[in-house]
Amino acid sequence: MPADRTRYLTSAELGRIQRAVGIARLMDTAVRLPFIGVRIGADSVLGLIPAVGDVAGSLIGLFIIDEARRLGLPAHKLARMAVNLGVDAACGTVPLVGDLFDVYFKSHRRNVAIILDHFGVSEDELRSRI
């Protein structure tokens, strides 16, 4: 971890980050589709349910943003995360096109990447700390 961008992470903070990474993986990349190799998650499946699915995916995205807030990410990074989630939610309201967009945009993974970048850790480092 680069010394200028990180600080010592407590076990509680590490747990929050690991939880956010796990949720993002479940929501965006849990399953690899056979033959085409694209990864999808629960957010893509939930998006097929009109209105309710997109709202559920957005609420889970808000949980990840709240975890980032509790970890102390600065306001400009939280705003970027909110924009990612807003774009995903807005595009998800368009039938079928929104579902295809969701497969490729993966807002939860983008938001977790912002958290990991802020602390200068990778997912591999998180797994090795378990």
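## Cavities and a helix pair: worked exercises

In this predicted model, the lining of the largest cavity splits into 2 nonpolar, 3 polar and 4 charged residues. Let's work through where those come from, then look at a helix pair.

**Exercise 1.** Find out which residues line the largest cavity, and which helix gives the most to that lining.

*Solution.* 
- Start with the volume: about 60 Å³ for the largest cavity.
- Next, list the lining: Asp43, Asp54, Gly57, Ser58, Leu85, Asp88, Ala89, Gly92 and Asp102.
- Now look for elements giving two or more residues, and you get H3 and helix H4 (75–92).
- H4 comes out on top, with 4 residues.

**Exercise 2.** Describe how helices H1 and H3 pack.

*Solution.* 
- H1 (residues 11–28) and H3 (residues 52–71) pack at about 160°, their axes 10 Å apart.
- Angles over 145 degrees count as roughly antiparallel, so that's the label for H1 against H3.
- The crossing of the two is left-handed.
- On the H1 side, contact residues include Ile17, Ala20 and Ile23; on the H3 side, they include Ile60, Phe63 and Ile64.
- By class, the H1–H3 contact has 9 nonpolar, 1 polar and 5 charged residues.

Key: Residues are numbered from 1 along each chain as its sequence is written. This is a predicted model: local features need pLDDT of at least 70, side-chain atom pairs count only at pLDDT 80 or more; totals for chains, interfaces and linings use all residues. Side-chain values use heavy atoms; hydrogens and water are left out. Axes are lines fitted to C-alpha atoms, for helices over the stretch in contact, and angles run from 0 to 180 degrees between N-to-C directions. Angles under 35 degrees count as roughly parallel, over 145 as roughly antiparallel, 65 to 115 as roughly perpendicular and the rest as oblique. A crossing is left-handed if the near helix is turned anticlockwise from the far one by less than a right angle, and right-handed if clockwise. Contact means heavy atoms within 4.5 Å. Ala, Val, Leu, Ile, Met, Phe, Trp, Tyr, Cys and Pro count as nonpolar, Asp, Glu, Lys and Arg as charged, and the others, Gly among them, as polar. On a 1 Å grid over the protein atoms alone, a cavity is a set of points where a 1.4 Å probe fits but cannot get out, and a pocket is an open set with protein on both sides within 12 Å along at least five of seven lines; lining residues have an atom within 4 Å of a point. Grid points are joined across faces, edges and corners, and a volume is the space filled by probe spheres set on the points.
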